[in-house]
Amino acid sequence: QTEEEQIDAIKAWWDQNGKSLLITLALALSAVFGVNTWMERQQQMAEAASMSYQSMLTAYEAKSEEASALGRAVIQNYSSSHYATLAALRLAKAELEAGDLSVAEAQLQWVISNSVEPIFVDVARLRLARLLLSGQRNDEVSLLLDQVTTTNLSALVDEIRGDLLLQQGDRDAARSLYSSALAGYAQVSSKQPLLQMKIDDLTPVAQ
């Protein structure tokens, strides 16, 4: 082909394919810039959520009356972040200490229903199980304990289940679970004295 024929062939190809090529290129560029924009927005939200959460913790340390409101704001504004989960757990602790069991229960239920982190969900289940145990809602406590799957929390599961069985009057089974929990707390010295006390209280006195 002559140079003129080659130019004509390129023009003909462009007439047939140029428009679709430009559209494809435009879509590709839009996708790249869209992803970058989305990532920047996610980073900004994560930083804002972190700052809000830290403000809540600072308020709690200062015993500020604004602490609970700041925590609720984190949950409302950044509900899909793990900071919302942490804020809900902290709020539940504060409400429990204040004696408002129904609000504490609601916060823990929120974590169970909304968190995507299994360990956070299991921590909430165990805290809720302790709360419900005080109200003798034994069937709900047992169900929560059955749902815990995090291996590292097995000692705590055994301890709470032991408390449940003791409350139901099964002293021998409770002592067995306390012993299992004590073994699981081998590396957690702060938990051992209380477990040992529970075991000693249930150990039959030799005649």
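A helix, in the sense used in these legends, is a DSSP run of H or I with at least four residues, and helices are numbered from the N terminus. By that definition alanine 173 lies in helix α8, which spans residues 171-184. The model shown in every view is a predicted one.

**Figure 1. The whole chain is described by its helices, of which there are nine, with zero strands.** Read along the sequence, the protein chain follows the pattern α-α-α-α-α-α-α-α-α. Of the 207 residues in the protein chain, 32% are buried. When contacts between residues at least 6 apart in sequence are considered, 45% of them join residues that are at least 24 apart.

**Figure 2. Alanine 173 in helix α8 is shown together with glycine 162.** The C-alpha atoms of alanine 173 and glycine 162 are separated by 7.1 Å, while along the chain the two residues are eleven residues apart. Alanine 173 has a relative accessibility of 23%, and therefore it counts as partly exposed, because the partly exposed class begins where the buried class, under 20%, ends.

**Figure 3. Helix α4 (residues 101-114) and helix α5 (residues 118-134) cross at roughly 155 degrees, with axes that come within 8 Å.** Because angles over 145 degrees count as roughly antiparallel, α4 is described as roughly antiparallel to α5. The crossing of these two helices, α4 and α5, is left-handed. On the α4 side the residues in contact are Leu101, Ala104, Glu105, Leu108, Gln109, Val111 and Ile112, and on the α5 side they meet Phe120, Val121, Ala124, Arg125, Arg127, Leu128, Leu131 and Leu132. Sorted by class, the contact of α4 with α5 has eleven nonpolar residues, one polar residue and three charged residues.

**Figure 4. Helix α7 (residues 154-167) and helix α9 (residues 192-202) cross at roughly 30 degrees, and their axes come within 12 Å.** Since angles under 35 degrees count as roughly parallel, α7 is described as roughly parallel to α9. In passing α9, helix α7 makes a left-handed crossing. The residues Glu159, Asp163 and Leu166 in α7 meet Leu194, Leu195, Lys198 and Leu202 in α9. By class, this contact of α7 with α9 is made up of four nonpolar residues, three charged residues and no polar ones.

**Figure 5. Tyrosine 53 and tyrosine 83 form an aromatic pair that is tilted.** The count of aromatic pairs comes to one, and in this pair the distance is 5.7 Å centre to centre, with 45 degrees between the planes. The pair links distant parts of the chain, since tyrosine 53 belongs to helix α1 (residues 3-61) and tyrosine 83 to helix α3 (residues 82-97), with the two tyrosines 30 residues apart. With a relative accessibility of 11%, tyrosine 53 counts as buried, and tyrosine 83, at 18% relative accessibility, also counts as buried.

**Figure 6. Methionine 56, found in helix α1, is shown with residues that it contacts.** This methionine 56 is buried, and its relative accessible area is 0%. Leaving aside neighbours within four places in sequence, methionine 56 is in contact with Ala67, Leu70, Gly71, Ala87 and Arg90. Between the C-alpha atoms of methionine 56 and arginine 90 the separation is 9.3 Å, although the two residues stand 34 residues apart along the chain.

Terms used
Residues numbered from 1 in each chain as written. Predicted model: local features only at pLDDT ≥ 70, side-chain atom pairs only at ≥ 80, totals over all residues. Heavy atoms only, no water. Axes fitted to C-alpha atoms, helices over the stretch in contact; angles between N-to-C directions. Parallel < 35°, antiparallel > 145°, perpendicular 65-115°, else oblique. Left-handed = near helix turned anticlockwise from the far one by under 90°. Contact = heavy atoms within 4.5 Å. Nonpolar A, V, L, I, M, F, W, Y, C, P; charged D, E, K, R; others polar. Phe/Tyr/Trp six-rings, centres within 6.5 Å; stacked < 30°, edge-to-face > 60°. Buried < 20%, exposed > 50% of the residue type's maximum accessible area, 1.4 Å probe, protein only.
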